[in-house]
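Please find below my notes on this structure, as numbered points.

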Amino acid sequence: VNPPLLHSYFRSSAAWRVRIALNLKGVAHAIRPVHLTRDGGEHLMDEYRAINPQARVPSLEVDGEILTQSPAILEWIEETWPAPPLLPAAPLARAHIRAICAIISCDIAPLQNSGTQKWLRGQGGFDDPKMQAWLTHWIGSGLAAIEALLARRGETGRFISGDAPGLAECCVIPQLFGARRFHVPLEDYPRLLATEAACTSLPAFMDAAPGAQPDAE
Ligand SMILES: N[C@@H](CCC(=O)N[C@@H](CS)C(=O)NCC(=O)O)C(=O)O
């Protein structure tokens, strides 16, 4: 496998998941920024649509193929570079981790996505207080569900994926950033905050953070 090229936007939580995973695996890669707001959105231009017909980031170019959808890319990374593992070995434990990832990538993120917000505003009547209520509800209820799942498993909150960060952390850390960005209170999620505290000073996470990206503003 040649070094992949990641089409990324510094603030995109979906691209950020993939950046963390590549870093945790120590996979050399290049980043090509795609600006989601400049000039009406570079992702909406023909050049990027030819890369990703869904007009979203991330996309990962590798050996003449273009992969899209962060969950598929994360699984491909895990299968291609098995060490260090980002999922536990036991099928049941893997299913628990994938459930946490799915709450974030299937249930929370699509409802806070910039494209979704833009569309809602375009409907008219969706003013700032309504948007805030929407974001607080969908982000908060998803995080509350994850916190409850962790509590039920007796998780203390350090690494969710096992003895080291894995796919759960790839999803949780960017989602907590998104929650803060949209002013969603986090004090009811101590396990998630403990996981975040355990991750943020690790080089794989520091290098993947929005502020460390070539397109950071
Ligand atoms: N399910 C996709 C979601 C990708 C996605 O929605 N990316 C956002 C940024 S986090 C995007 O490109 N938004 C631009 C838009 O919707 O116009 C994934 O996980 O890769």
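1. Proline 58 is placed in the loop between helix H2 (46–51) and strand E3 (59–62); helices (H or I, at least four residues) and strands (E, at least two) are DSSP runs, numbered from the N terminus. The model is a predicted one, in which local features need pLDDT of at least 70 and side-chain atom pairs count only at pLDDT 80 or more, while totals for chains, interfaces and linings use all residues. Residues are numbered from 1 along each chain as its sequence is written, and side-chain values use heavy atoms, with hydrogens and water left out.

2. The peptide bond between valine 57 and proline 58 is cis, with omega about 5 degrees. Proline 58 has 3% relative accessibility and counts as buried (buried is under 20% relative accessible area, exposed over 50%, partly exposed in between, with a 1.4 Å probe and protein chains only). From proline 58 to valine 34 the C-alpha to C-alpha distance is 9.0 Å, although the two are 24 residues apart in sequence.

3. A cis peptide bond also joins alanine 83 to proline 84, with omega near -10 degrees. Proline 84 belongs to the loop between H3 and helix H4 (91–112). As background, most peptide bonds are trans and most residues other than glycine have a negative phi.

4. Aspartate 39, not a glycine, has a positive phi of about 50 degrees; its place is in the loop between strand E2 (30–33) and H2. Aspartate 39 is exposed, at 61% relative accessibility. Glutamine 69, also not a glycine, has a positive phi near 70 degrees and is found in the loop between strand E4 (65–68) and H3. At 40% relative accessibility, glutamine 69 is partly exposed.

5. The shell around the ligand has 15 residues, of which His43, Val57, Gln69, Ser70 and Asn113 come nearest; a residue is near a molecule if one of its heavy atoms lies within 4 Å of it. By type, the shell divides into five nonpolar, eight polar and two charged residues. Here Ala, Val, Leu, Ile, Met, Phe, Trp, Tyr, Cys and Pro count as nonpolar, Asp, Glu, Lys and Arg as charged, and the others, Gly among them, as polar. Helices H1 (13–25), H3 (70–80) and H5 (114–122) each supply at least two shell residues, and H1 gives the most, with three.

6. Which polar atoms lie by the ligand's oxygen atoms? A polar side-chain atom of histidine 43 is 2.9 Å from a ligand oxygen, and a side-chain N or O atom of asparagine 113 is 2.9 Å from a ligand oxygen. Glycine 115 places a backbone N or O atom 3.5 Å from an oxygen of the ligand. The ligand taken alone exposes 510 Å², and the protein buries 85% of that (Shrake-Rupley method, 1.4 Å probe).

7. Glutamate 147 lies in helix H6 (residues 128–152) and is buried, with a relative accessible area of 7%. The side chain of glutamate 147 reaches the backbone nitrogen of arginine 191 at 2.8 Å.

Notes. A polar contact is a pair of N or O atoms within 3.5 Å; within protein, one must be able to donate a hydrogen and the other to accept it, and residues adjacent in sequence count only if both atoms are side-chain atoms.
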